[in-house]
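Please open the model in your viewer and keep the selection panel at hand.

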Amino acid sequence: MEKNFEDDVIDFIIEHNLIAKGERIGVGVSGGADSMALLHFLDSISKKAGFAVVAVNVNHNMREGSKKESQFVKKYCIDNGIEFIGLNVDVLALIKEKKLGLEQAARIKRYEAYENAIAKGKLNKMALGHHQSDQAETILLKIFRGSGIAGASGMDVQRGPYIRPFLETQKVDISEYVFRNHIPYIEDPSNQDNTFSRNFLRNEIIPALRREWKNVEKNVIDFGKNCRRDDDYMNSMVDTSYFISDGKVVRVPLNLFIYPEAVTNRVIISALDKLGKRENIERKHIELVQNLVKSGANGAKIDLPNGTCVIREYEYIAFVKKQTGVESKVYSFKIGKTSFADFGTISVTKSIAFRKYLDRDVLLIDVDKLPKQAKWRTRKDGDTFTKFGGGTKKLASYMIDKKIPARLRDKTPVLAHGNEIYAIAGLEISDKVKIDKDTLEAYLLESVVTE
């Protein structure tokens, strides 16, 4: 007996382990036929499968009809007892700020809205209504824009919290499901606007290709699957265990770039993946990073999309989430813990039994030698530091000698009075406050760095 549409999709969900019992699944619903079909289908199986469905509508506020479409989705959810989340985004403001195209800006704001809903604990995953034809379009768009085989692999069935239950379903089957179940939907008039690259491909290019090659979409998708197999193998050659990551920064040793470019390109992609910043990365961005590796000077920096920069730092390439400004405050020197934005925590204790800590990762300061007016702050012009063992240097030069990355020099707390530096958190103390044979009591400084 031939399986029907519903059985095929259920098997696909099970095969790829897309939904677990007890999860709250958001469904991105625009009001169009595909997203309404996905909402209807997941709602129809949710009770039996033991998960909850939440419709998520994002109003992009780009045209007059968008509010009406949001109201349509909301009413459908009320009538059918489906939880509804309505989100508003300002796409036009992003276009003005970042000089982006309409399609790209709308996508960025839409996914930001989804991610905020997930981060607030409202949802476990977001289900998107992409189907086979969307996959074929995506692969062709990636190829036309100069993608390598990673982009030509197409959309993932699941990437992070995003799942695509219809990804291997034909558009004709979705249309038949909508008709058979009398599912209402709204036609988006912008789908006929061929100034959008995807619409141009869908409405003009693919129909022309189909006249010559009837199976063009299937063949494109099969090509994408072949690319994915090759890409998966090449990715298996990347050993990410050498990456140093804390969520805000991923540092990659330069010696991982000795391999052929086919592998090192994937080192770059893997680092961006680990940082959560792979979206909108194209071949030109990968080439910029490769050039930084090959010929960039220490401290050289390039900017990538998604608020990411890449910096050459001595024996590493650092992939960094950009931060808006560095907190510049003065903190009292005290016994106990002091937290510093963008650095971590410094713990200070006072002890007469300090000598047992000599072989540990602790900075020791003679209590009697440290000026009472000393405070914690970040560096400033004119700071000097007397090295342990003697010799005074400008603080900036000392930090360079110690290979502290440029992005961290302004974040690292220093213990100072005037321009005299007595301790650099997590690194060293001045010769002027070091313990000696006459020291009776010492401050113990321990740093927990989080960058």
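**A tour by selection**

Begin by selecting alanine 20 and glutamate 23 in this predicted model, where the backbone nitrogen of alanine 20 lies 2.8 Å from a polar atom of the side chain of glutamate 23. Glutamate 23 sits in the loop between helix H1 (5-15) and strand S1 (24-28). Is glutamate 23 buried or exposed? Its relative accessible area is 14%, and because the cut-off for buried is under 20%, glutamate 23 counts as buried.

Next, move on to valine 27, which, neighbours within four places in sequence set aside, is in contact with Ser35, Leu38, Leu39, Leu42, Val53, Val54, Ala55, Val56, Met126 and Ala127. Val27 also belongs to the largest nonpolar core, which has 33 residues, and the members that touch the most others there are Ile13, Ile19, Val27, Leu39, Phe41, Leu42 and Phe166. Colouring by element shows that two or more residues of this core come from each of H1, S1, helix H2 (33-49), strand S2 (52-59), helix H3 (66-79) and helix H8 (171-180). Of these contributors, H2 gives the most, with seven residues.

Apart from that core lies another, of 24 residues, which includes Val238, Phe243, Ile269 and Phe319. Which residues of H11 are buried? They are Val263, Thr264, Arg266, Val267, Ile268, Ile269, Ser270, Ala271, Leu272 and Leu275. After H11 comes glycine 276, with a positive phi near 75 degrees.

Finally, clear the selection and zoom out to the whole protein, which has 14 helices and 22 strands. The C-alpha trace spans about 90 × 50 × 45 Å along its principal axes, and the radius of gyration is 28 Å, whereas a compact globule of 451 residues would have one near 22 Å. Of the 451 residues, 45% count as buried, and the accessible surface comes to about 24200 Å², 50% of which belongs to carbon and sulfur atoms. Among contacts between residues at least 6 apart in sequence, 69% join residues at least 24 apart.

Methods
Residues are numbered from 1 along each chain as its sequence is written. This is a predicted model: local features need pLDDT of at least 70, side-chain atom pairs count only at pLDDT 80 or more; totals for chains, interfaces and linings use all residues. Side-chain values use heavy atoms; hydrogens and water are left out. Helices (H or I, at least four residues) and strands (E, at least two) are DSSP runs, numbered from the N terminus. Buried means under 20% relative accessible area, exposed over 50%, partly exposed in between (1.4 Å probe, protein chains only). A polar contact is a pair of N or O atoms within 3.5 Å; within protein, one must be able to donate a hydrogen and the other to accept it, and residues adjacent in sequence count only if both atoms are side-chain atoms. A nonpolar core is a set of buried Ala, Val, Leu, Ile, Met, Phe, Trp, Tyr and Cys residues joined through side-chain atoms within 4.5 Å. Contact means heavy atoms within 4.5 Å. The radius of gyration is taken over C-alpha atoms; the globule rule is 2.2 Å times the number of residues to the power 0.38. Accessible areas come from the Shrake-Rupley method with a 1.4 Å probe; for residues, only the protein chains shown count as cover.
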